[in-house]
Amino acid sequence: MADSRAAADRPLSLDHRRFVGPPGAHVAVVDIGSNSVRLVVYDQLSRAPFPRFNEKSFCRLGAGRDAEGRLDPEAVEHALRSVERFFAISRAMEVERIDVLATEAVRRAPNGHVLIEGIRERCGAEVRLLDGHEEAHYSGLGVISGFYRPHGLMGDIGGGSLEIAEVLDDRVGERSVSMPLGALPVTELLAEGYGAAKARIDEILRDALPPLLTDPVFYAVGGGWRALARITIAEQVPLCPMPQGMEMEVREARLMAKRIARASPEEVAALPDVPSRRIETLPASALVLDRVLKALKPERVVFSALGLREGWLYSLLPEEERYLDPLIEGAQSFGIARARVPEFAGALERWTDRLFPAESAADRRLRLAACALSDIAWREHGGFRAAEIFRRVLHLPFIGISHAERVFLAVALHARHNGKFDDAMLARVRRALPSSALRRAQILGRALQLAYRLSGSMPALLDRTRLEIEANAVRIDVSALDDLPDSDAVQSRLGRLAKALGVAEAELKFD
């Protein structure tokens, strides 16, 4: 990938034309891991692909090996039947491209070729067998694909191995390592005792990690660590229920991991929202997280739902498409297709450009995402739109967004649909957002509400008006619209924007 400096000026704009044509061809990835074999079918190969089908089969290829490390024939047959099913489903869905990736369990086994040849014979497909550094590389690309210009260390725990790599904005660093610290082998270590397992993990980390490999942010990838995030979300009942982008301070994460690492199977099973098939291996995943955080010494942990599969897809994109913003692309893909007038999002972008002087790129991307999503609730009953869009934004599978940014969008679109600022639904967001960000979200929402009422969501009309923010006034210059008389509805919404801005005057200028 190009040097990160070449990506410094990334496009931050809306373009409805790329989202109103025929949908792109579906693509699929079959991921053969040590614990499971999974198929994910995505809507298309893009900067923000949406999964449209996701199925996992627990084949446990990494368990039940013989003394020489050969895969259990029953597990191999289970995996072959699963892959056959996945190909049948993909073909029925008219998937254009199906890539099959195999990782630690297959590459390590002396008879791994049996599975590879079986897939070739039964499905007519070639398997891409990744080595440890490739696995770390694509998992790192998965983090890059799922976050806004991430910088830190990535750890991906699978059934058989743990990969660590640097993620540096738009590329994966040169230093990466793959270690036999997956959930299955560490579960076997725990059978020998907690203390012995901890000492052995520390020894492997000490011998394998490159020197001076540390960074303030650690991105946690993999189903085992994602399960820990789900448990934490269920226990804390936060506003946003999505594991993707959830952050924890390292001290808090280690306390949680230590508690679960020492838990009995019965105690693990009693945890909220724990995946039933991870009960046996979850203490191992928790122990590895604790020891990795101790060794790497980051300041905070960010959980990622994207990893190897998404990194593989990201690597297939043209370079210029990789530099597109994942949040803006996802917001356009979801929002523009559901809008009454797809091109109105671009008019909103232009009209609100003057709303926040000295706007940062991070703030601009949130404003553009709000413009793209601003009309997704128009079919809802008017009395329920604000509440419905607030809940929907908190649950939509967007990437490139933190939990706090997701709350910002939810508040802005709640205000866009006339939600009250003292609504009980917003009580908890006051803890999730600084007061300045909360105010910006409400101002943006009221500006979007005014724009829709002023123009009837017609871009040609909105483009002939101008939003002017002054020290103690907000004015809309409508002098180019002498054929569009004033209305009480427009004045009412202009007044709401003025109140959100905290200014005394609100005026339509017909000069």
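What is the volume of the largest cavity? In this predicted model, the largest cavity comes out at about 490 Å³, and the structure holds four cavities of 30 Å³ or more. There's an open space to look at too: the largest pocket holds about 780 Å³.

**The largest cavity**

- The lining of the largest cavity runs to 33 residues, and those nearest its centre are Asp31, Ile157, Gly158, Gly223 and Arg309.
- Two or more lining residues come from each of β1, β6, α7 and α11.
- By class, the lining of the largest cavity has 15 polar, eleven charged and seven nonpolar residues.

**The second largest cavity**

- The second largest cavity has a volume of about 70 Å³.
- Its lining has 13 residues, with Ala339, Val341, Ala345, Asp375 and Tyr452 nearest the centre.
- Helices α14 (344–351) and α15 (361–373) are the elements that give two or more residues to this lining.
- The lining of the second largest cavity splits into nine nonpolar, two polar and two charged residues.

**The largest pocket**

- With about 780 Å³ of space, the largest pocket is lined by 32 residues, and Pro51, Asn54, Arg226, Ala305 and Leu306 are the closest to its centre.
- β2 (37–42), β3 (51–57), α7 (223–236) and α11 (308–316) each give two or more residues to the pocket lining.
- Helix α7 supplies the largest share of that lining, six residues.
- The pocket lining counts 19 nonpolar, nine charged and four polar residues.
- Elements α7 and α11 turn up in the pocket lining, and α7 and α11 also turn up in the lining of the largest cavity.

**Strand β1**

- β1 covers residues 27–32, and six of its six residues are buried.
- In a regular strand, side chains alternate between the two faces of the sheet.
- Here both faces are covered: Val27, Val29 and Asp31 are buried on one side, and Ala28, Val30 and Ile32 are buried on the other.
- On the antiparallel side of things, β1 pairs with β2 over six bridges, and Val30 has Leu39 of β2 as its bridge partner.
- The link from β1 to β2 is a hairpin of four residues.
- β1 also pairs with β4 (residues 97–102), this time in the parallel sense and over six bridges; Ala28 is partnered there by Ile98.

**Helix α5**

- α5 takes in residues 183–190 and is mostly covered, with six of its eight residues buried.
- The buried residues are Ala183, Leu184, Val186, Thr187, Leu189 and Leu190.
- An α-helix has 3.6 residues a turn, so residues three or four places apart point the same way.
- What do the buried residues of α5 pack against? They pack against β6 (151–157), α6 (194–208) and α10 (282–296).

- Ser304 sits in strand β11 (residues 300–304), and Ser304 counts as buried because its relative accessible area is 2%, under the 20% cut-off.
- The Ser304 side chain reaches the backbone oxygen of Leu306 at 2.7 Å.
- Beyond residues up to four places away in sequence, Ser304 touches Val143, Phe147, Ala220, Val221, Gly222, Arg226 and Gln244.
- Two of those names link back to the pocket: Arg226 and Leu306 are among the residues closest to the pocket centre.
- Glu329 belongs to helix α13 (residues 326–335) and is buried too, at 7% relative accessibility.
- Setting aside neighbours within four places in sequence, Glu329 is in contact with Arg18, Phe19, Arg47, Ala48 and Leu324.

**Positive phi outside glycine**

- Lys297 isn't a glycine, yet it has a positive phi of about 60°.
- Lys297 lies in the loop between α10 and β11, and it counts as exposed at 61% relative accessibility.
- Ala358 is another non-glycine residue with positive phi, near 60°.
- Ala358 is found in the loop between α14 and α15; with a relative accessible area of 83%, Ala358 is exposed.

Notes:
Residues are numbered from 1 along each chain as its sequence is written. This is a predicted model: local features need pLDDT of at least 70, side-chain atom pairs count only at pLDDT 80 or more; totals for chains, interfaces and linings use all residues. Side-chain values use heavy atoms; hydrogens and water are left out. On a 1 Å grid over the protein atoms alone, a cavity is a set of points where a 1.4 Å probe fits but cannot get out, and a pocket is an open set with protein on both sides within 12 Å along at least five of seven lines; lining residues have an atom within 4 Å of a point. Grid points are joined across faces, edges and corners, and a volume is the space filled by probe spheres set on the points. Ala, Val, Leu, Ile, Met, Phe, Trp, Tyr, Cys and Pro count as nonpolar, Asp, Glu, Lys and Arg as charged, and the others, Gly among them, as polar. Buried means under 20% relative accessible area, exposed over 50%, partly exposed in between (1.4 Å probe, protein chains only). Two strands pair if DSSP finds at least two bridges between them. Contact means heavy atoms within 4.5 Å. A polar contact is a pair of N or O atoms within 3.5 Å; within protein, one must be able to donate a hydrogen and the other to accept it, and residues adjacent in sequence count only if both atoms are side-chain atoms.
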